[in-house]
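This report describes one structure, part by part. The sequence and the model come first, followed by short sections.

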Amino acid sequence: MTRDETRDLTIKLHNTATRRKEVFTPIDPDNVRMYVCGPTVYDRAHLGNARPVIVFDVLYRLLRHVYGPQHVTYVRNFTDVDDKINARAAESGRSIGEITAETTQWYLDDMAAVGALEPDHMPRATQYVPQMVAMIRGLIEDGYAYEAEGHVLFRVRKYTEYGALSGRSVDDMIAGARVEVAPYKEDPMDFVLWKPSDEGTPGWESPWGQGRPGWHIECSAMAHDLLGERFDIHGGGIDLQFPHHENEIAQSKCAGHGFANYWLHNEMLQVEGKKMSKSLGNFFTVRDLLDQGVPGEVIRFVMLSTHYRKPMDWTEKKRDEAEKTLRKWYLQAAEAENATPSADLVALLADDLNTHGALTECHRLSNAGDTAGLRGALSLLGLMGELIPEWAAVQALDLTDVEAFLSDARATAMETKDFAEVDRIKKALTSVGIEVQMSKDGVKLTPPPGFDRSRLDGVL
Ligand SMILES: Nc1ncnc2c1ncn2[C@@H]1O[C@H](COP(=O)(O)OP(=O)(O)OP(=O)(O)O)[C@@H](O)[C@H]1O
Ligand SMILES: [Zn+2]
């Protein structure tokens, strides 16, 4: 397909603001613009934090494929001023600058490992304080914000559309939210645009004294500076829909900006039915998995296997299957002379990012022996960074015979009540570094990375 034919492809996206799947029409096909809320940098990214990165990376790749790489602008920020960062600095005795610089680099490394392209712009909030101050000043002048005791607050009741993104009324939202009641607020719902800083906290000169911005105004100011008054797509996790995105919309619209046309939200990565989050403490980091030898592409594959608007969890089973499938596909796709993503695959992604369907299409291409199609598909999905990564080249070690051997010994022992042989085998296996798990479902052996099977010779 030529570029112009590709541009005619219809992309449909589910717009949170209208609660419908809509045809995506960019404001300017020569410059398609997307903003995604980035991390607050004070800690390693957990697996949940990787989900929006991967989801919006797929969208970014699709937009680049359709409109041309030089016709898409993707902005994802770093929030490098925040009370959580201040707290981390205070408890660790390290400087704020050191913590944010280190965490930012960790984030970039970990997200590169899961195959995410770097956005075109990655603004840091602290570099945009003058733009935030200018925006806040305008809001005060027009009566949308007011100063009180060194704080500047946004008058939520003044923006009649507040709550439209979530489809809820202001009163319903107040009832369900943890709104901070403060004596200087005209209304408990009003949120902070600017707050005072003391000696120990980072601060900037402003018409309201030495202070720092609130979180919400950061995104409004950075999006405006880098993408203009109106842009195409705004993304983030569904946990940000309220209050963060409602507040971004209120500020930007009242500043006279058109702001985003399409709002996309990814659902949560869960652990036992609850959102994986730093505050709940139920998390593991992307780095933990990489250090355990889980390839970044396997993490990416598992994420893509569930549609972005559905909650999902991470399981060992999904991980094993992803690894096996990818290994097979890589070896097959490496045979291809060239890479041509099939029109079917592009159409699946264009249908509100049907990544699950795209992986099914990869299975079909693999079964049909269409290596060029498979290679094209994998590369469009961001899954074939290298031709054959080292982990995929190493054949998986097959220990099923040893598992059966131990399983039989256990069955015998259950009858004779003599577990000596079972214990002997277990001991022999653990002595060469193999992890042995025995449950009612069977026996599972996990060898250490790079295990050489000949080490089992003579020990069993
Ligand atoms: N479990 C999750 N699944 C999917 N996306 C998530 C998850 N947790 C956070 N995100 C997304 O990651 C990005 C960064 O979020 P943030 O830094 O607030 O992390 P967090 O773990 O939610 O922190 P906290 O628990 O302290 O609120 C946001 O886009 C957010 O929507
Ligand atoms: Zn934001």
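## The shell around ligand 1

By class, the shell around ligand 1 holds 7 nonpolar, 9 polar and 4 charged residues. In this classification Ala, Val, Leu, Ile, Met, Phe, Trp, Tyr, Cys and Pro are nonpolar, Asp, Glu, Lys and Arg are charged, and the others, Gly among them, are polar. Ligand 1 is surrounded by 20 residues, and the closest are Gly-48, Gly-237, Leu-269, Ser-277 and Ser-279. A residue is counted as near a molecule if its C-beta atom, placed from the backbone, lies within 6 Å of it. Helix H2 (47-67) and strand S9 each supply at least two residues of this shell. H2 provides the largest share, with 4 residues. Helices (H or I, at least four residues) and strands (E, at least two) are DSSP runs, numbered from the N terminus.

The model is predicted: local features need pLDDT of at least 70, side-chain atom pairs count only at pLDDT 80 or more, and totals for chains, interfaces and linings use all residues. Residues are numbered from 1 along each chain as its sequence is written, while chains are lettered from A and ligands numbered from 1 in the order in which they are written.

## Strands S9 and S10

Strand S9 (residues 230-237) pairs with S10 in the parallel sense, over 7 bridges; two strands pair if DSSP finds at least two bridges between them. In this pairing His-234 stands opposite Trp-263 in S10. Together with helix H8 (residues 241-254), S9 and S10 make a right-handed β-α-β unit. Right-handed here describes a path from the first strand over the helix to the second that runs clockwise, with the strands pointing away from the viewer.

Strand S10 (residues 259-266) is mostly covered, with 7 of its 8 residues buried. A residue is buried if 20 or more other C-beta atoms lie within 10 Å of its own, exposed if 12 or fewer, and partly exposed in between, with C-beta atoms placed from the backbone.

## Domains

The chain is divided into domain 1 (12-266), domain 2 (282-392) and domain 3 (396-456), with bounds that come from an automatic or database domain assignment. Between the C-alpha centres of domain 1 and domain 2 there are 30 Å.

In domain 1, 24 residues are in contact with 27 residues of domain 2; contact requires C-beta atoms, placed from the backbone, within 7 Å. On the domain 1 side, strand S1 (12-15), H2 and helix H4 (96-113) are the elements that give two or more residues. H2 gives the most to this side, with 12 residues. The residues of that side divide into 11 nonpolar, 6 polar and 7 charged.

Strand S11 (residues 269-271) runs antiparallel to S12, and 2 bridges join them. Gln-270 stands opposite Lys-275 in S12.

## Two single residues

His-151 is found in strand S6 (residues 151-154). It counts as buried because it has 20 C-beta neighbours inside 10 Å. His-151 touches Tyr-184, Val-192, Trp-194, Lys-195 and Pro-196, leaving aside residues up to four places away in sequence. Val-192 is 41 residues from His-151 in sequence, yet their C-alpha atoms are 7.0 Å apart.

Asp-351 lies in the loop between helix H12 (343-350) and helix H13 (355-367). With 15 other C-beta atoms within 10 Å, Asp-351 is partly exposed.

Terms used. Contact = placed C-beta atoms within 7 Å.
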